[in-house]
Amino acid sequence: MAPHGKCCGDSSHEHEDPERGIQYSLYTKINTNDLQCLNESVEGSGKTVFKSWEHRLNREAFVQSDADEELLFNIPFIGNIKLKGIIVIGDSSDSHPSKMRLFKNKEGMTFDDVSLSADQEFELQKDTEGLLEYATKVVTFHNVNHLSIHFPSNFGDDHTTIYYIGLKGEFSEAQRQGVVVCNYELRPNISDHKNPLDDDVNSPIA
């Protein structure tokens, strides 16, 4: 692996691509106050891995698992997203996550819930620079307001380390439902319920 900031010998990509920075801007649409990371060793550290593309190589902000190698992120958005791809940057050691499982619109997940079938799963490779993108099933992840990401394992370390999680896709504002006004009849109006037979009874016979 080439040192940071130097070309790795592959001319098919650029390390600083402004277009990719735009594509991976969904982190700005996360409701950070309600974002949860379960089994993080330092409280609040899970939120720091969702950052700009330009800061993806910043090693000062990262999350490390605590009791074991598992990490579970519950990520609420301020609207709806269409998720198209994910990038995960970890360490060059065996603490890099080896598997990733995605769950759509399942709020408040815990480790008791990860036995459920994931909407999509990925076998990860070690990536220290954000060169690998994992494409999601757009048909499945086209209307997401909450995303849960489960990292169940790494490459053999006791703890998992993640520096960056990039979310690629499109954002749309949440549609507000209109208030339906209904008028209910509390007391019947006699004139509205007049029996037409009354006219026949009261009308004089010719």
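The side chain of Ser-65 comes to 2.6 Å from the backbone oxygen of Asp-68. This is a predicted model, in which local features need pLDDT of at least 70, side-chain atom pairs count only at pLDDT 80 or more, and totals for chains, interfaces and linings use all residues. Residues are numbered from 1 along each chain as its sequence is written, and side-chain values use heavy atoms, with hydrogens and water left out.

User: Happy to start with Ser-65: is Ser-65 buried or exposed?
Analyst: Ser-65 sits in the loop between strand 2 (63-64) and strand 3 (71-90). Strands here are DSSP runs of E with at least two residues, and helices are runs of H or I with at least four, numbered from the N terminus. Buried means under 20% relative accessible area, exposed over 50%, and partly exposed in between (1.4 Å probe, protein chains only). With a relative accessibility of 1%, Ser-65 is buried.

User: Which residues does Ser-65 touch, not counting residues up to four places away in sequence?
Analyst: A contact means heavy atoms within 4.5 Å. By that rule, and leaving out residues up to four places away in sequence, Ser-65 touches Asn-39, Ser-41, Glu-70, Leu-71, His-159 and Thr-160.

User: Thanks! How many residues apart in sequence are Glu-170 and Lys-82?
Analyst: Their side chains meet in a salt bridge at 3.9 Å, N to O. A salt bridge is a side-chain nitrogen of Lys or Arg within 4 Å of a carboxyl oxygen of Asp or Glu. Glu-170 belongs to strand 8 (residues 161-172) and Lys-82 to strand 3, so the pair ties together parts of the chain whose separation in sequence is 88 residues.

User: Glu-121 and Arg-101 also meet in a salt bridge. What is the relative accessible area of Arg-101?
Analyst: The N to O distance for this pair is 3.2 Å. Glu-121 is in strand 5 (residues 120-123) and Arg-101 in strand 4 (residues 99-104), 20 residues apart. Glu-121 is partly exposed at 41% relative accessibility. Arg-101, by contrast, is buried, and its relative accessible area is 9%.

User: Which residues are linked in a network of salt bridges?
Analyst: The structure holds 8 salt bridges. A network of them links Arg-20, Glu-133 and Lys-168.

User: And for the whole fold, what pattern does the protein chain follow along the sequence?
Analyst: The protein chain has 2 helices and 8 strands. Read along the sequence, they give the pattern α-β-β-β-β-β-β-β-β-α.

Conventions:
A polar contact is a pair of N or O atoms within 3.5 Å; within protein, one must be able to donate a hydrogen and the other to accept it, and residues adjacent in sequence count only if both atoms are side-chain atoms.
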